[in-house]
Amino acid sequence: MRLPKAASAFRDSLLQWATENVREYPWREQERSRYEVFVAEFFLTQTPADNVADVYPEFVDRYPSLEAIEEADEEDLVSVIDPLGFQRMRARALKSIARSVDDLPDTTGQLRELERVGPYVANATLCFADRSKLPILDRNVERVYSRVFGDRFPDSRSDREDFCTEMLPEDPADVRRYNLGLLDFGAIVCTKESPRFDDCFASEYCVYATSG
Ligand code: SF4
């Protein structure tokens, strides 16, 4: 796939921005296991990060492994997840996952076979925990790329995944920082309702900004 002209400028600036601005959350600590990252990403798909941060430390303390989830009383699990919403659905899905595997697999294909695990959770888990060179694509990422690159950001899901893959930095050591930066750039600068054009490194070439 041929990327837009501004792609490399955006990539470089985002990496730089990420160095100073990526937010600290407990699940982003360097030594977190695949399970610990997975749990966070599983919750983050439908709940804001600050809310997840309120519940996460207690959750991983009480349930430090899939085995602990399998053995847990479902009602206890529901009550810990309760502040995040969708608690029963989430508790049942986690129980089902814990019953189906001893350890979380290390491929996106196998992760996606688990209950309620979609492409975002699978890729984010392996990128952030295992440092795999995988793209992440959620609504925030779609918004950022759609705004910056206009109609050069494709319409179909599979083309968008290819686009996100091509946008990743060449050096695998930069991929985690790039993806975290992309998530946080969408949450802090290029927000849905009030994008901060004045604080944005992309404002000179961003299609959304330059098209008025
Ligand atoms: S210039 Fe505005 S719309 Fe474009 S990426 Fe920056 S904040 Fe988003």
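**View 1. The largest pocket lies between domain 1 (7-24 + 133-210) and domain 2 (26-130), because both give residues to its lining.** Domain bounds come from an automatic or database domain assignment. This is a predicted model: local features need pLDDT of at least 70, side-chain atom pairs count only at pLDDT 80 or more, and totals for chains, interfaces and linings use all residues. Residues are numbered from 1 along each chain as its sequence is written, and side-chain values use heavy atoms, without hydrogens and water.

**View 2. The largest pocket has a volume of about 760 Å³.** A pocket is an open set of points on a 1 Å grid over the protein atoms alone, where a 1.4 Å probe fits, with protein on both sides within 12 Å along at least five of seven lines; lining residues have an atom within 4 Å of a point. Volume is the space filled by probe spheres set on the points, which are joined across faces, edges and corners. It has 24 lining residues, and Leu44, Thr45, Thr47, Asp138 and Asn140 are the closest to its centre. α11 gives the most, five residues.

**View 3. The second largest pocket has a volume of about 260 Å³.** Of its 13 lining residues, Val22, Arg28, Gln30, Arg176 and Leu180 are the closest to the centre. α1 and α11 each give two or more residues. Helices are DSSP runs (H or I, at least four residues), numbered from the N terminus.

**View 4. Glutamate 31 sits in the loop between α1 (7-21) and α2 (34-44).** Its relative accessible area is 62%, so glutamate 31 is exposed (over 50%, with a 1.4 Å probe and protein chains only).

Notes
Buried < 20%, exposed > 50% of the residue type's maximum accessible area, 1.4 Å probe, protein only.
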